Amino acid sequence: MDAVTILAKLVSFDTTSSRSNLALVEWVANCLDRHGCCIRLTYDDARTKANLLAMLGPSREGGILLSGHSDVVPVNGQAWLSDPFALSERNGRLYGRGVADMKGFVACCLEQLRNVACGDLEHPIYLALSYDEELGCIGVPRLIADLLANCPIAAAAIVGEPTQMRIGQAHKGTFVMRTRLFGREAHSSDPSAGLSAIEFAARFVQRLCDYASELSLTKTALSCLEPAVTTFNIGQIEGGTALNIVPARCIITWEFRPIPEVDHQAIQERVDALGAELRRCMQQRVPEADIQTEIIAAAPPLRWQPANTAEALVRELAGTDAEGIALSFGSEAGLFQTAGIPTVVCGPGSIDQAHKPNEWLAID
Ligand SMILES: [Zn+2]
């Protein structure tokens, strides 16, 4: 099977993040299955999705890890000229959902890995295929935990997001956060008898925005990162039941995207401190009141590590002296790097085509 045939098969599985990816995972496992290839699956809580980790060759340190995600973004409401889940070829381009982001890379890996003689390898090659990347890198932490617990550490990781085969050395992180506020209900004729969760949510949001302004004074030294600062977005607020009830609950869903140079843990600690300050204030009025912030998804930034082994490997394979670049989009790369594996992002296709109707990948 060549890469285009494999890609056609991968595209035919509708692995929109809201759906199961198990059929695709099973097909990939069968595709690789042979003596010398060890397949490990790690599941989500509902067991409707799985990460696949394949190790080809000896169980030894110094291997190379190829990383892709199996899920794709929805096609709802997009104007496609052909069936997004049936690969079609027009003018030297392959069209289909996920061809650039990032089943094209996975297809290229599978074409090569099927032909590798596992017994000849001095070091292992890993294929790491995750679920729910498009929801904020939710799936891959389980794969990485399993990898660290059961496999020798790899010497380099290549995350095949679409960079037009340039070497992505850095990008921002993405942290998805949820803050829940608990007050006390009361009749609105006497608000002082209760505690408005919405009122304190508004204060919390204001403090986050002030903090965002403070952080925006620190600009990244990396070009290509737009905007060049850490950003915050308050995406959703839900709270209250009726005009005449003091609201007891409010939920804020928000995110921040740190530049590689800032310490994202310090940001989380500062946010915790802002919450603690408000909690004290709330509990002085109503002892049961509370404010809790949890991390829904954490994808740390990819930090530029000059002359790392992954960069050296990709340069050698590609025969290029081209400078590495900073990427405008996030990926799982920061998670592999945090796990101690030198990591770069490099894959076919352009991010300009990702998530759009008529997503395409040039055959060459
Ligand atoms: Zn992607």
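Where is Met 102 found? Select Met 102 and you land in helix H3. Helices here are DSSP runs of H or I with at least four residues, strands are runs of E with at least two, and both are numbered from the N terminus.

Before moving on, note that this is a predicted model: local features need pLDDT of at least 70, side-chain atom pairs count only at pLDDT 80 or more, and totals for chains, interfaces and linings use all residues. Residues are numbered from 1 along each chain as its sequence is written, and side-chain values use heavy atoms, with hydrogens and water left out.

**Stop 1: a cis bond and the zinc ion**

Stay at Met 102. A cis peptide bond joins Asp 101 to Met 102, with omega about -10°.

Now select the zinc ion. Its protein donors are His 69 (NE2), Asp 101 (OD), Glu 161 (OE) and Glu 161 (OE), at 1.8 to 2.5 Å. Donors are N, O and S atoms within 2.8 Å of the metal (3.2 Å for Na, K and Ca); water is not among the atoms, so sites may look incomplete. In sequence, the donor residues follow the spacing H-x31-D-x59-E.

Why is the arrangement irregular? The 4 donor atoms subtend angles of 55 to 142° around the zinc ion, which makes it so. Four donors count as tetrahedral if all angles lie between 85 and 135 degrees. Four count as square planar, and six as octahedral, if opposite donors are over 155 degrees apart and all others between 65 and 115; anything else is irregular.

His 69 is buried, at 1% relative accessible area. Asp 101 is buried too, at 4%. Buried means under 20% relative accessible area, exposed means over 50%, and partly exposed is in between (1.4 Å probe, protein chains only).

**Stop 2: the loop between S1 and S2**

Select Asp 44. This residue lies in the loop between strand S1 (37-43) and strand S2 (50-56). Asp 44 is buried yet has no salt bridge. A salt bridge is a side-chain nitrogen of Lys or Arg within 4 Å of a carboxyl oxygen of Asp or Glu. The nearest side chain of opposite charge is Lys 49, 5.2 Å away. For charge, Lys and Arg count as positive, Asp and Glu as negative; His and the chain ends are not counted.

What does the side chain of Asp 44 reach? It reaches the backbone nitrogen of Arg 47, at 2.9 Å. Asp 44 also touches Lys 49, Tyr 131 and Arg 142, not counting residues up to four places away in sequence. Contact means heavy atoms within 4.5 Å.

Click on Arg 47, in the loop between S1 and S2. Its phi is near 55°, a positive value in a residue other than glycine. Arg 47 is exposed, at 53% relative accessible area.

**Stop 3: helix H2**

Select residues 22-32, which form helix H2. Buried here are Leu 24, Val 25, Trp 27, Val 28, Ala 29, Cys 31 and Leu 32. Their cover includes helix H1 (3-12), S1, S2, H3 and strand S6 (125-130).

**Stop 4: salt bridges**

How many salt bridges are there? The count comes to 13.

Start with Glu 199 and Arg 203, whose closest N and O atoms are 3.0 Å apart. Both lie in helix H5 (residues 197-215), 4 residues apart, about one turn of the helix.

Next, select Arg 270 and Glu 214. Their salt bridge has its closest N and O atoms 2.9 Å apart. This pair links distant parts of the chain: Arg 270 is in helix H6 (residues 264-285), Glu 214 is in helix H5, and 56 residues separate them. Arg 270 is partly exposed at 32%, and Glu 214 is partly exposed at 41%.

**Stop 5: Pro 227 and Thr 231**

Go to Pro 227, in the loop between H5 and S11. A cis peptide bond joins Glu 226 and Pro 227, with omega about -15°.

Finish at Thr 231, in strand S11 (residues 231-239). Leaving aside neighbours within four places in sequence, Thr 231 is in contact with Lys 172, Glu 255, Phe 256 and Arg 257.

Terms used: A polar contact is a pair of N or O atoms within 3.5 Å; within protein, one must be able to donate a hydrogen and the other to accept it, and residues adjacent in sequence count only if both atoms are side-chain atoms.
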